[in-house]
Amino acid sequence: MPTVSEQELSLDFLAVHGLAVRKAAGPGAVADLLNADESAVAAVFDAAMAEGKIAGAKGIFMVAPAGQAWLADQYPIVYASAREDGALTAAYERFERVNTQLLALFTDWQTMPAGGQRVPNDHSDPDYDRVIIDRLGDLHERAERVVGNCSEAEPRLGRYLERLEAAYDKVLAGDTDYVSGVRIDSYHTVWFELHEDLLRMLGRQRQE
Amino acid sequence: MSQPEQRIIVLDGTQVPDREIIGGKAWSIARMTKLGLRVPPAFVIPISECARYHENSRTLDDDLWQQILSGVAAIEQATGRVMGNPDAPLLVSVRSGAAVSMPGMMDTVLNLGITDEVEYGLARITADAGYARDTHARFCHTYGDIVFKADLDPYVCGPSPSEVRDLVADDVGQAIPEDPHDQLRQAICAVFDSWESARAKSYRRHWGISDVGGTAVTIQAMVFGNLGDESGTGVLFTRNPLTGESVPYGEWLPGGQGDDVVGGTHAVKDLTELAQTMPNVHSELIEWAGILEHEHADVQDVEFTVEQGVLYLLQTRGAKRSPEAAVQIAIDLVHEGLITPAIAVSRVTSEQIRSVLLPYLAEHTVANVTPIAIGEPACPGVAQGIGVIDPDEVESRAAAGESLVLVRPTTSPNDVHGMIAAVAVVTDLGGSTSHAAVVTRALGRPSVVGVGDGVAEGLAGKELTVDGGSGRVYAGYLPLESTQIDDHPALAPLAAWANEHCPVQVVPNAEGDVLDLDSVAQVLDPQTGRVDSQALMEALSQASGPVRSSVLESAEGASALLESGVTVVVADPALPLQLRLIQASRT
């Protein structure tokens with residue numbers, strides 16, 4: 001198996017990695033995640049299907065167990081220098097700090113304090129919600145710096161910033177499902193994927 | 001000589017200027033003082049001054065500054081304290097206040113006026129050097145964060161004020177002023193500047209709010225809950241926000257100041273403690289809270305501080321409440337004549353009714369049952385199913401009709417499809433702010449997180465009852481109770497009023513043909529799980545009689561229904577849909 005250096009990350013690897021982050025997706029969604037060409041990703045998927053690395057039907061693919069094992073072998077090789085270099089690790093430490101605050105913010109969005117306990121946020125108090133959306137703006141500014149640092153070490157991560165930006169814009173325009181909605185590219189969905197991507201690149205274990 | 005132009009307004013209760021003139025916060029203070037309630041002395045620089053500041057190349061002109069100083073002097077006279085005087089220091093809060101609150105406006109700066117000398121003075125007066133130091137350090141952090149926009153991590157108690165000052169100076173290349181008046185001037189400018197911040201501007205652009213206008217600045221004296229035995233701080237709810245019971249409910253921290261309530265540094269006491277130690281203060285508080293509840297015709301959440309036996313109200317707002325309390329309070333306020341039934345049905349949401357109607361475990365059912373796992377409650381509700389570890393297996397078996405609980409060490413984006421298909425989720429790791437908690441709450445799946453390393457795995461293959469409200473998991477399927485609208489003392493009258501005020505007739509069943517919208521069109525986008533309003537409108541246009549659909553209770557569904565002119569809908573129970581329609585018809 002050829003060793004891939006960080007500078008020339010092959011799409012053979014990235015397309016499967018991107019699919020692993022998204023779990024179940026078509027070539028279009030993975031191409032979007034990687035900022036790559038859709039037809040090129042589709043070609044890699046065809047080859048990876050033939051090798052048994054991924055499985056799929058009706059245009060939706062998933063990484064097969066053999067593909068997961070292959071990825072696990074590839075990560076330490078592909079990201080060897082990134083793991084040693086320190087720039088990405090440092091950016092990740094900062095990511096973790098913003099992550100803690102963002103998750104607290106999502107919780108404040110979904111629940112609200114009532115007499116010492118938390119109850120579901122019924123979104124009946126526009127002032128309460130506005131304060132949280134304002135905090136999201138504040139954290140988004142910090143996220144810009146963090147993801148900016150991450151993408152200096154790995155340029156394709158800059159795509160996450162564009163997706164976060166898009167989610168934040170939707171929230172600001174009043175489509176508040178985009179704070180923490182699950183089946184859409186909400187701020188939480190994109191952030192959660194970025195977290196997964198970084199964990200895989202750095203070979204870290206999820207702490208929660 | 002003509003009368004000099006009045007460019008600040010002292011909020012002494014003699015007048016209540018419009019919200020559009022002085023902003024929401026000053027307006028709330030003015031309203032309380034007008035009612036004869038004691039609040040810390042304050043003045044406001046009205047909204048009109050914001051535009052003048054920007055026209056004036058972002059500077060406060062001399063005349064305005066002199067008037068601001070006279071406002072400070074008025075507060076100094078009322079409190080007997082002086083800015084910068086270590087023996088009797090006046091500290092103030094500085095807040096922004098636009099007519100409509102919006103993102104990007106400057107947050108509150110508390111304890112402005114503190115310096116090294118004032119810190120030592122405060123340490124002497126309060127006999128608490130640690131408090132004085134922490135207040136000073138916290139002020140430097142807030143000032144750096146809010147006025148200078150320094151990139152700082154959240155404040156933690158520990159670093160000295162000078163360390164925080166250095167941190168701020170290193171990041172922004174500017175020092176926090178040592179003179180209280182310089183601090184004040186800079187903070188006021190920062191409030192006015194925040195009107196033009198990128199975030200505020202983009203919010204106004206999104207919502208079509210005019211850039212003309214601006215923000216007011218409210219300057220208010222800080223009062224001290226830590227001055228001797230007869231001081232403290234607390235919060236009072238005019239009714240119990242968890243049960244709705246018509247009894248004041250709250251917390252009292254003797255000797256506590258501001259953030260202590262959040263910081264947990266003092267032992268929180270019941271309000272009865274306040275009643276025993278300072279009966280006059282307690283009865284005044286209860287009386288004032290009653291006045292506020294009456295004035296606002298809703299349950300209030302009142303923040304207060306007692307300084308040397310004198311009660312001050314800091315803030316009042318509509319109280320956040322549990323779904324059960326929302327129902328009870330709406331009914332009680334009608335019975336007490338504070339609101340009409342029409343308002344009552346607009347105060348309770350369909351989600352709250354759905355939540356009250358969820359099946360639950362009765363206390364006697366679990367009294368003698370030992371849970372097989374205990375963790376943090378992450379999303380309330382009770383669900384039952386068989387524990388399964390693999391999210392793919394959950395997805396495929398759930399598609400075949402089984403009820404399954406996803407049990408996992410942690411959750412990643414790779415597990416989300418399993419969380420969607422599961423009836424509940426249990427994880428080994430994580431707290432109430434983990435990704436798993438966020439996702440399950442967004443989905444409304446009962447969940448328990450952080451049950452401990454390896455515990456979730458042991459739940460695989462077992463029949464489970466998961467109580468996401470208490471954070472407990474029980475073996476087997478315990479009997480569940482459910483609430484019936486018709487024989488519930490608060491839900492039954494609410495349902496009757498909803499019937500009366502709902503713009504569309506909602507019936508539990510109808511004779512003859514009922515058009516099932518879900519079967520004539522794909523009203524729900526399978527990918528995003530969101531309502532496809534266009535498909536729904538088309539389906540509704542085919543209706544000639546009663547309709548039914550699973551999506552009408554959503555905001556999009558309700559507006560589409562109202563727009564369609566359909567007059568009869570079949571839904572059982574009717575109440576949640578009726579409340580949604582009432583809400584939609586008001587906006």
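Everything reported here comes from a predicted model. The residues in question are Pro161(B), Val164(B), Arg165(B) and Val168(B), all buried. Seen down the axis of helix 6 of chain B, these buried residues fall within an arc of 105°, so they line one face of the helix.

As for its dimensions, helix 6 of chain B covers residues 161-172, which makes 12 residues. From first C-alpha to last, helix 6 of chain B reaches 17 Å, close to the 16 Å expected at 1.5 Å a residue. Just after helix 6 of chain B comes Gly173(B), which takes a positive phi of about 70°.

Next up is strand 5 of chain B, residues 215-221. This strand is mostly covered, with 7 of its 7 residues buried. Both of its faces are covered: one side carries Thr215(B), Val217(B), Ile219(B) and Ala221(B), the other Ala216(B), Thr218(B) and Gln220(B), and all of these are buried. Strand 5 of chain B has antiparallel pairings with two strands. With strand 2 of chain B (residues 42-45), the pairing runs over 4 bridges, and here Val44(B) stands opposite Thr218(B). With strand 3 of chain B (residues 92-98), the two antiparallel strands are joined by 7 bridges, and Gly97(B) sits opposite Ala216(B) of strand 5.

Further along chain B there is an open sheet of 8 strands, in the order 10-17-16-12-13-14-15-11 and with mixed pairing. Its edges are strand 10 (373-374) and strand 11 (376-379) of chain B, each of which pairs on one side only. Within the sheet, strand 16 (residues 463-467) and strand 17 (residues 472-475) of chain B run antiparallel and are joined by 4 bridges. One of the bridge pairs puts Asp467(B) with Arg472(B) of strand 17. Helix 16 of chain B (residues 391-399) packs on it by touching strand 12 (382-388) and strand 13 (404-408), and its direction makes about 175° with that of strand 13 of chain B. Helix 18 of chain B (residues 435-443) also packs on the sheet, where it touches strand 11, strand 14 (424-427) and strand 15 (447-449); its direction makes about 40° with that of strand 11 of chain B.

Zooming out, the domain assignment of chain B lists domain 1 (9-115 + 179-221), domain 2 (232-318), domain 3 (363-475) and domain 4 (509-570). The centres of domain 3 and domain 4 of chain B, taken over C-alpha atoms, are 33 Å apart. Chain B as a whole comes to 23 helices and 21 strands, and its C-alpha atoms fill a box of roughly 85 × 55 × 50 Å along the principal axes. Of the 587 residues in chain B, 46% count as buried. As for contacts in chain B between residues at least 6 apart in sequence, 60% of them join residues at least 24 apart.

How values were computed: Residues numbered from 1 in each chain as written. Chains lettered and ligands numbered in written order. Predicted model: local features only at pLDDT ≥ 70, side-chain atom pairs only at ≥ 80, totals over all residues. Buried ≥ 20, exposed ≤ 12 C-beta atoms within 10 Å, placed from the backbone. Pairing = 2+ DSSP bridges. Domains from an automatic or database assignment. Expected span 1.5 Å × (residues − 1). Arc of directions from axis to C-beta. Contact = placed C-beta atoms within 7 Å. Axes fitted to C-alpha atoms, helices over the stretch in contact; angles between N-to-C directions.
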